[in-house]
Amino acid sequence: MRGNTVTRYRCPVCGTRRTDWNLLVAHQRQHGHKPCTCPGYHHPHRPGSPFCESRPTSGVAAAIRAGWEPTSEELLDALIEVTLTTAGRPLRQWPYPEN
């Protein structure tokens, strides 16, 4: 048994831990953390979690859970399709020095 038995509540968005429920609620309000409530999980969770429907590859994962058994080539093609058709993060600044 572990020596530290303090109950810790974890923020589902950033993972920060608090020892009091009211402190966790205050943390979420202060930082504007809103957990995802999609039907991928039966509880509020981090956006982009493995079964979350906001994840770009959620369609492929849902098809596999529904019984699709892709070959390695089919899986690669599906993931390439997701990569090419899903927008990424916006570029904030050019990463290379200009000469």
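Helices here are DSSP runs of H or I with at least four residues, strands are E runs with at least two, and both are numbered from the N terminus. With that, leucine 76 sits in helix α3, residues 72-85.

Quick ground rules. This is a predicted model: local features need pLDDT of at least 70, side-chain atom pairs count only at pLDDT 80 or more, and totals for chains, interfaces and linings use all residues. Numbering runs from 1 along each chain as its sequence is written, and side-chain values use heavy atoms, with hydrogens and water left out.

Now the aromatics. Rings of Phe, Tyr and Trp (its six-membered ring) pair if their centres lie within 6.5 Å; planes under 30 degrees apart are stacked, over 60 edge-to-face, the rest tilted. The count comes to three aromatic pairs. One is tyrosine 9 with tryptophan 21, edge-to-face, 5.4 Å centre to centre, 80° between the planes. This pair links distant parts of the chain, 12 residues apart: tyrosine 9 is in strand β1 (residues 9-10), tryptophan 21 in helix α1 (residues 21-31).

How covered are they? Buried means under 20% relative accessible area, exposed over 50%, partly exposed in between (1.4 Å probe, protein chains only). Tyrosine 9 has 29%, so tyrosine 9 is partly exposed. Tryptophan 21 has 48%, so tryptophan 21 is partly exposed too.

Next, tyrosine 41 and phenylalanine 51. Their ring centres are 5.8 Å apart and the planes stand at 70°, so this pair is edge-to-face. Both residues lie in the loop between α1 and α2 (58-65), so the pair ties together parts 10 residues apart in sequence. Tyrosine 41 is partly exposed at 23%. Phenylalanine 51 is partly exposed at 40%.
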